[in-house]
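Here are my notes on this one, point by point. Have the model open while you read.

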Amino acid sequence: MAAAAREEEEASTAARSRQESEGEEEEVMAVLDFDMLCASVALAAERRKDSAAAAAATVEAGGGGGGGGGGGVQRMWEGDVVLDCLEDRRIALEAACCPCYRFGKNMRRANLGSCFLQAMVYLISLVAILVSLIAFSVTRHNIYLYMGLSSVLLIAIYTGYFRRRIRKQFNIRGTDSSLDDCVLHLICPCCTLCQEARTLEINNVQCGVWHGRGDTICLGSNGEGNKAFAALHKSSFVPIKSPELCGMDRTSNGANEHEPLVLSDLPEQ
């Protein structure tokens with residue numbers, strides 16, 4: 001009897017030891033699984049962080065957010081150079097009557113210089129061409145003719161250089177050669193200025209930032225909003241507080257920015 005009791009005690013002790021060993025193994029496996037889970041979560045978070053940093057670096061290299069280059073998005077000029085030059089008559093009139101002013105406004109929108117300085121450079125070049133031609137017609141000296149031709153080439157190279165800057169800044173489709181841009185400004189400068197102005201105004205470019213067709217139009221007293229753009233995107237209400245406030249960012253002044261803007265002074269129907 002004593003032997004049987006001893007054997008039964010040894011069997012129960014062995015069973016308890018096996019259960020304890022199995023419990024310890026399960027705890028170890030649970031700890032290992034938890035460690036592997038933490039490691040996989042940390043690795044996934046690190047990968048997401050690296051991908052976000054790479055995307056931010058790509059956007060900055062493309063021109064800075066919505067403004068600039070737009071990453072790998074290929075944009076196009078608005079309309080043809082010659083065939084669509086009269087699409088916006090206001091722009092066509094400005095480019096034909098005062099191309100220096102139109103060129104300065106384009107450079108200001110693209111953030112490539114002051115409107116006044118760029119317009120003055122263009123105006124001085126035009127005056128040099130005109131004076132050279134008048135002097136040649138009076139004196140018949142070839143030197144004045146050469147000076148006039150040189151001024152024409154200089155203004156074509158100058159404006160063609162900034163047209164290429166616009167193409168590279170906003171990733172507009174075109175050839176890699178700067179010669180085409182210079183030739184366009186040499187052959188038909190007014191039509192080329194019209195195309196550049198249409199592209200910048202229709203896509204709502206402000207201070208070198210490409211907002212696109214779907215963004216808010218900046219309305220003010222200077223009347224630079226494009227009529228074709230307004231016709232494509234008609235809205236029932238245009239909330240404007242004052243003509244001086246002309247910003248692309250909407251401020252809510254403590255209100256919920258997701259709520260629709262409603263004019264408070266409209267009569268009840």
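1. Helices here (H or I, at least four residues) and strands (E, at least two) are DSSP runs, numbered from the N terminus. This is a predicted model, in which local features need pLDDT of at least 70 and side-chain atom pairs count only at pLDDT 80 or more, while totals for chains, interfaces and linings use all residues. Residues are numbered from 1 along each chain as its sequence is written, and side-chain values use heavy atoms, with hydrogens and water left out.

2. Let me start with alanine 119, which sits in helix α4 (residues 115-139). Its relative accessibility is 12%, so alanine 119 counts as buried; buried means under 20% relative accessible area, exposed over 50%, and partly exposed in between (1.4 Å probe, protein chains only). Setting aside neighbours within four places in sequence, alanine 119 is in contact with Cys100, Tyr101 and Gly104, where contact means heavy atoms within 4.5 Å. Look at phenylalanine 103 as well: alanine 119 is 16 residues from phenylalanine 103 in sequence, and the C-alpha to C-alpha separation is 6.3 Å.

3. Serine 151 is another spot to look at, this time in helix α5 (residues 142-170). With a relative accessible area of 13%, serine 151 is buried. Leaving out neighbours within four places in sequence, the contacts of serine 151 are Ser125, Ala128 and Ile129.

4. How do α6 and α7 pack? Helix α6 (residues 179-187) meets helix α7 (residues 189-202) at an angle of about 120°, with the axes 5 Å apart. That makes α6 oblique to α7. For the record, axes are lines fitted to C-alpha atoms, for helices over the stretch in contact, and angles run from 0 to 180 degrees between N-to-C directions. Angles under 35 degrees count as roughly parallel, over 145 as roughly antiparallel, 65 to 115 as roughly perpendicular and the rest as oblique.

5. On the α6 side of that contact are Leu184, His185, Leu186 and Ile187, and on the α7 side Pro189, Thr192, Leu193 and Glu196. These residues of the α6 contact with α7 divide into 5 nonpolar, 2 polar and 1 charged. The classes: Ala, Val, Leu, Ile, Met, Phe, Trp, Tyr, Cys and Pro are nonpolar, Asp, Glu, Lys and Arg are charged, and the others, Gly among them, are polar.

6. Now the salt bridges, of which the count comes to 9. The rule asks for a side-chain nitrogen of Lys or Arg within 4 Å of a carboxyl oxygen of Asp or Glu. Arg90, Glu94, Arg102, Lys105 and Glu201 are linked in a network.

7. Glutamate 201 lies in helix α7 and arginine 102 in helix α3 (residues 99-109), so the pair ties together parts that are 99 residues apart in sequence. Arginine 90, by contrast, is partly exposed at 24%.

8. One more pair: arginine 163 bridges to aspartate 181, the closest N and O atoms being 3.3 Å apart. Arginine 163 is in helix α5 and aspartate 181 in helix α6, 18 residues apart. Both arginine 163 and aspartate 181 are buried.

9. What about disulfides? A search of the whole structure finds 0, taking a disulfide as a pair of cysteine sulfur atoms within 2.5 Å. For cysteine 100, the nearest cysteine sulfur is that of cysteine 98, 3.6 Å away. Cysteine 100 is buried, at 9% relative accessible area. The sulfur of cysteine 190 is 6.8 Å from the closest cysteine sulfur, in cysteine 191, which is too far for a bond. Cysteine 190 is partly exposed at 30%.

10. Finally, two backbone angles to check. Asparagine 111, in the loop between α3 and α4, has a positive phi of about 60° although it is not a glycine. Asparagine 204, in the loop between α7 and β1 (205-206), has a positive phi of about 55°. Most residues other than glycine have a negative phi. Asparagine 111 is exposed at 52% relative accessibility, whereas asparagine 204 is buried at 6%.
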